[in-house]
Amino acid sequence: MQFATTTSPHVHLGNSVGRVMRRVVYALLPGLLALVWIFGPGVLVQAAIAVSTALAAEALMLTLRGKPLGRFLGDCSALVTALLLAIALPPLAPWWITVLGTGFAIIIAKHLYGGLGYNPFNPAMIGYVVLLTSFPREMSSWAAPLTLHGSTPDLATTLALVFGERSAETLDAVTSATVLDLLRTQIGLGHSVTEVRSSPVFGLLGARGWEWVNLAFLAGGLWMCRQRTAAWQIPAGMLGALAVISTLFWLVDAARFAPPWFHLFSGAAIFGAFFIATDPVSASTTPRGRLIYGAGIGVLTWVIRSVGGFPDGVAFAVLLMNIAAPTIDQYTRPRVFGARA
Amino acid sequence: MSTPSVREILSNGLWHNNTGLVALLGLCPLLATSSSAINGFGLGMATVLVLLLTNTTISAIRQYVQSEVRIPVYIVVIASAVTAVELLIHALLPELHKVLGIFIPLIVTNCCVLGRAEAFASKQRPAIAALDGLATGLGFTLVLTTLGGLRELIGHGTLFANANIMFGEAGRALTLHVLEDYRGFLLAILPPGAFIGLGLLIAGKNLLDARARQRGAAVPVVQATHCAPSALPTP
């Protein structure tokens with residue numbers, strides 16, 4: 001909304017929801033390209049399904065709620081939710097998984113709470129968590145990375161797997177356990193981290209292949225922070241806390257706990273820190289609050305990964321800190337200029 | 001308090017002042033035992049029995065209970081009724097007893113039972129109070145069964161599965177496999193499914209009421225207050 005300016009010569013930055021959301025899409029591009037390079041075109045297929053579902057669901061809810069279609073569809077917020085969810089999903093997930101998750105995210109997690117700006121939880125992560133808790137089998141078969149497998153599934157194979165019958169053999173041929181999965185099961189079996197790390201799925205920093213994807217997301221995320229589309233405090237707090245707590249435990253017992261660079265460069269840590277946790281609606285809004293909020297996500301992610309029941313914990317950590325965000329804001333409100341502390 | 005008409009009592013208990021959808025009392029058993037239609041129906045029926053017993057008894061002794069000690073007296077009556085109902089279910093429907101477990105004795109803490117005793121039974125004749133107990137209990141059963149059916153249908157693709165635990169072997173025929181080869185949607189069975197489902201049911205009721213109001217029907221706007229004694233916690 002453009003308010004009429006009065007008295008002082010205010011300069012409007014020209015920011016709008018649409019402009020911010022479009023910047024997020026641009027910042028996602030390097031990561032998307034890296035995902036396509038390493039895992040094949042699956043993510044693009046998922047993105048197409050998710051975006052069309054999201055726009056349809058958004059249009060349906062806007063019509064039901066009697067809101068103008070053009071203005072709210074044009075702000076790209078549903079597009080961003082759909083893209084974030086599509087990136088979080090396994091590239092070869094069956095189509096109905098994506099449709100269900102996106103529909104849930106837009107209809108229940110966004111519009112039933114009052115639409116853009118009122119949702120207490122990150123819609124994309126609600127959709128992801130709903131799918132993860134309901135369909136653990138479909139959600140845990142990730143495509144094998146290029147660097148491990150030598151090739152990625154081509155478009156025809158991808159489409160056949162996403163839309164067609166999924167036999168266990170064809171699926172096993174193109175998927176592999178992610179490093180976080182492997183680490184969890186192997187440590188459960190009594191192996192040490194060093195033993196597990198000799199497995200070929202591990203790369204230099206984190207998971208083989210994943211490190212490139214994460215570096216691309218890091219680049220996009222840093223650009224977004226520079227543009228001030230995302231608050232730098234949240235990723236700084238999250239990655240900082242994740243690095244600190246994983247370093248501490250790694251120094252204490254390197255056989256049981258993975259090293260910090262592994263935590264930072266595998267799974268959804270970087271993607272989550274820059275693109276998920278920074279959702280301006282559900283995150284904390286004060287400068288100090290954002291640091292605390294980010295740090296909370298970092299610590300919870302480490303805790304869930306290391307001692308929790310799921311291989312990765314970014315989605316759960318973000319949702320848990322979403323609950324805490326209003327309280328954090330309450331206690332970290334900056335002093336009004338001129339007011340007594 | 002004037003004596004409400006039979007029609008009023010029934011419409012309040014079943015719809016306008018429904019325990020589950022309007023007063024939001026007894027949410028703990030409502031959310032915990034509504035994972036299938038039969039579980040919900042079983043607990044609902046147990047609650048109907050308890051409400052009938054307590055409302056009638058409390059109404060019958062209303063002249064002899066000093067108002068200073070009425071709450072402990074009501075609680076003793078309610079606890080005895082619940083114990084009797086629990087033993088009855090244990091004896092007659094051991095399978096149902098096994099499934100519902102702790103939630104049968106926990107009917108004692110269902111605020112609606114004490115709420116009806118305090119707000120209604122202590123001021124009305126036994127026959128009227130009994131009818132109110134029946135209507136309130138059936139309203140609760142309605143919500144429990146609907147929510148249970150909804151969660152079971154979405155979660156497992158069946159309706160009235162395990163009906164034999166309530167109706168004996170003949171009940172097996174009741175089970176409907178609505179969706180064949182359904183892979184299941186676990187979320188509906190898990191606790192979040194209960195909250196989301198209840199929220200949707202409440203929204204659905206409000207929508208129906210709003211439509212009725214538009215048509216010009218006299219639909220009271222929420223009148224939850226006279227069911228819950230405000231000083232009591234609502235588990």
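Biologist: Is A:Cys76 buried, exposed or partly exposed?
Modeller: A:Cys76 counts as partly exposed, because it has 19 C-beta neighbours inside 10 Å. The cut-offs are 20 or more other C-beta atoms within 10 Å for buried, 12 or fewer for exposed, and partly exposed in between, with C-beta atoms placed from the backbone. Keep in mind that this is a predicted model, where local features need pLDDT of at least 70, side-chain atom pairs count only at pLDDT 80 or more, and totals for chains, interfaces and linings use all residues. Residues are numbered from 1 along each chain as its sequence is written, while chains are lettered from A and ligands numbered from 1 in the order in which they are written.
Biologist: Ok, and where is A:Cys76 found?
Modeller: A:Cys76 is in the loop between helix 3 (69–73) and helix 4 (77–88) of chain A. Helices here are DSSP runs (H or I, at least four residues), numbered from the N terminus. The phi of A:Cys76 is near 65°, a positive value in a residue other than glycine.
Biologist: Now the helices. At what angle do helix 14 and helix 16 of chain A cross?
Modeller: Roughly 155°, and the axes of helix 14 (residues 233–252) of chain A and helix 16 (residues 269–276) of chain A come within 8 Å. That makes these two helices of chain A roughly antiparallel. Angles over 145 degrees get that label, under 35 is roughly parallel, 65 to 115 roughly perpendicular and the rest oblique. Axes are lines fitted to C-alpha atoms, for helices over the stretch in contact, and angles run from 0 to 180 degrees between N-to-C directions.
Biologist: Which residues of helix 14 and helix 16 of chain A meet?
Modeller: A:Pro235, A:Met238, A:Leu239 and A:Leu242 in helix 14 of chain A meet A:Ala269, A:Ala273 and A:Phe274 in helix 16 of chain A. Contact means C-beta atoms, placed from the backbone, within 7 Å. By class, the contact of helix 14 with helix 16 of chain A has 7 nonpolar, no polar and no charged residues. Ala, Val, Leu, Ile, Met, Phe, Trp, Tyr, Cys and Pro count as nonpolar, Asp, Glu, Lys and Arg as charged, and the others, Gly among them, as polar.
Biologist: And how do helix 1 and helix 13 of chain A cross?
Modeller: At roughly 170°, with the axes of helix 1 (residues 17–39) of chain A and helix 13 of chain A within 8 Å. Helix 1 and helix 13 of chain A are therefore roughly antiparallel to each other. Their contact has 16 nonpolar, 3 polar and 1 charged residues.
Biologist: Switching topic: how many residues of chain A are in contact with chain B?
Modeller: 4 residues of chain A are in contact with 5 residues of chain B. On the chain A side, the largest share, 3 residues, comes from helix 6 (residues 123–134) of chain A.
Biologist: Last one: which residues of helix 11 of chain B are buried?
Modeller: B:Gly193, B:Ala194, B:Gly197 and B:Leu198. What covers the buried residues of helix 11 of chain B includes helix 8 (126–156) of chain B. Just after helix 11 of chain B, B:Gly216 takes a positive phi of about 100°.

Conventions:
Contact = placed C-beta atoms within 7 Å.
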